[in-house]
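Dear colleague,

Please find the structure below, handed over for your records. My notes on what was found in it follow directly after.

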Amino acid sequence: MPRKLRRKARPRGRAFFVPAVAMLLLAGCESVTGVFGERADVAAHIASGAKMEPFFVETGRFELAGYKRFRDPSSREVSIYIEGDGLAFLDATTISRDPTPSDPVSLRLAAADPSANVAYLARPCQYQTAERLSGCSYAYWTNARFAPELVKEMNVAVNAIVAASGAARVRLYGYSGGGVIAALLAGQRADVVFLATAAAPLDHGEWTRIGRYSPLDRSLDAIDWVQAIKRVPQVHFAGAEDRLVPSSVIKRFADRVRAEGGDVAFVTVPGTDHYCCWDDVWPALYREWVRKP
């Protein structure tokens, strides 16, 4: 991930300004070894292989990291992939101090997307220096992972990506908790033309109840936003072997959207659990369920 997140020395790059809300800046191409560690190197390797450039977005409350590949501004459309909750817990009871994902699944999916304009957006507090991470509340990857103020900041970042790409239409994708963020954003934006999620707890009230997890009492729940989200064509994928986010949770959301007259598909994907192997099946899923008509 970019050194840019250190704040002390802004690397060279072109700035794209979103009036009064945020700016998206390209980062330099310096090595990140020893700055963010092994997890950041994994992300940098994936992005490099897909010819995606690093960037950051200052949103006010957060500095969000990401990667982009903008090849055709004339397409007027951008696909944005939102990362999951990352390494939120070290074990069943120990909260991680750094939520940066060990395996950035959404980045792997973004790297495989054949669209002209693609961006990957990490979640707040992921891919941060130790200095910046010390100012992050662990609530933002536990019970407040979908908090209203967090969704607002993610929306600012999406605005910056849209402005930088020159897009008029947005296609939102999200893995796990990133799928919940994507759904909530779809319910708040008029420019979203498609929504796809994978292994996302779209009814986290039901998810925490059946899994006996602590309730996400400071978070918005996507199922409460069905009326706003239903206008967006959407598909929700569930892992056939996923024991962390059971398919019943995802189907419950899709059924609610369908009952409200929304254009929605629910797909159970064989050979996948919560972590494996979404990037392997994504090209086939994309061709069958996601590609544009």
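I begin with isoleucine 80. Leaving aside neighbours within four places in sequence, isoleucine 80 is in contact (heavy atoms within 4.5 Å) with Ala119, Val158, Ile161, Val170, Arg171, Leu172 and Tyr173. Apart from this, please note that the model is predicted, that local features need pLDDT of at least 70 and side-chain atom pairs count only at pLDDT 80 or more, whereas totals for chains, interfaces and linings use all residues. Residues are numbered from 1 along each chain as its sequence is written, and side-chain values use heavy atoms, with hydrogens and water left out.

Confidence and overall figures

The mean pLDDT (the predictor's confidence in each residue, from 0 to 100) of the chain is 88, and 87% of its residues reach 70 or more. Residues 1-21 have a pLDDT below 50, and this stretch has 67 contacts in the model beyond near neighbours in sequence. The pLDDT is also below 50 over residues 28-35, a stretch with 14 contacts beyond near neighbours in sequence.

The chain has nine helices and 10 strands; these are DSSP runs numbered from the N terminus, helices being H or I with at least four residues and strands E with at least two. Of its 293 residues, 56% count as buried, where buried means under 20% relative accessible area, exposed over 50% and partly exposed in between (1.4 Å probe, protein chains only). Among contacts between residues at least 6 apart in sequence, 75% join residues at least 24 apart.

Helix α5 (residues 177-186) is largely enclosed by the rest of the structure, because 10 of its 10 residues are buried. What covers these buried residues includes β5 (77-82), α4 (148-165), β7 (169-175), β8 (192-198) and α7 (226-229).

Aromatic pairs

Rings of Phe, Tyr and Trp (its six-membered ring) pair if their centres lie within 6.5 Å; planes under 30 degrees apart count as stacked, over 60 as edge-to-face and the rest as tilted. By this rule the count comes to eight aromatic pairs. In one of these, the rings of tryptophan 207 and tyrosine 213 have centres 5.0 Å apart and planes at 50 degrees, so the pair is tilted. Tryptophan 207 is buried, with a relative accessible area of 9%, whereas tyrosine 213 is partly exposed at 34%.

The rings of phenylalanine 237 and tryptophan 282 have centres 5.9 Å apart and planes at 85 degrees, so this pair is edge-to-face. The pair links distant parts of the chain, with phenylalanine 237 in strand β9 (residues 234-239) and tryptophan 282 in helix α9 (residues 278-290), 45 residues apart. Both residues are buried. Ring pairs also link Tyr81, Tyr173, Phe194, Phe237, Trp282 and Tyr286 into a cluster.

Salt bridges

A search of the whole structure finds 13 salt bridges, each being a side-chain nitrogen of Lys or Arg within 4 Å of a carboxyl oxygen of Asp or Glu. Arginine 218 and glutamate 149 meet in one of them through their side chains (3.5 Å, N to O). This pair links distant parts of the chain, since arginine 218 lies in the loop between α6 (204-211) and α7 and glutamate 149 in helix α4, 69 residues apart.Arginine 218 is partly exposed, with a relative accessible area of 41%, and glutamate 149 is partly exposed at 23%.

Arginine 189 and aspartate 191 also form a salt bridge (2.8 Å, N to O), and both of these residues are buried. Aspartate 255 forms a salt bridge with lysine 251, with the closest N and O atoms 2.8 Å apart. These two residues are four apart in helix α8 (residues 247-259), so about one helical turn separates them.

With kind regards
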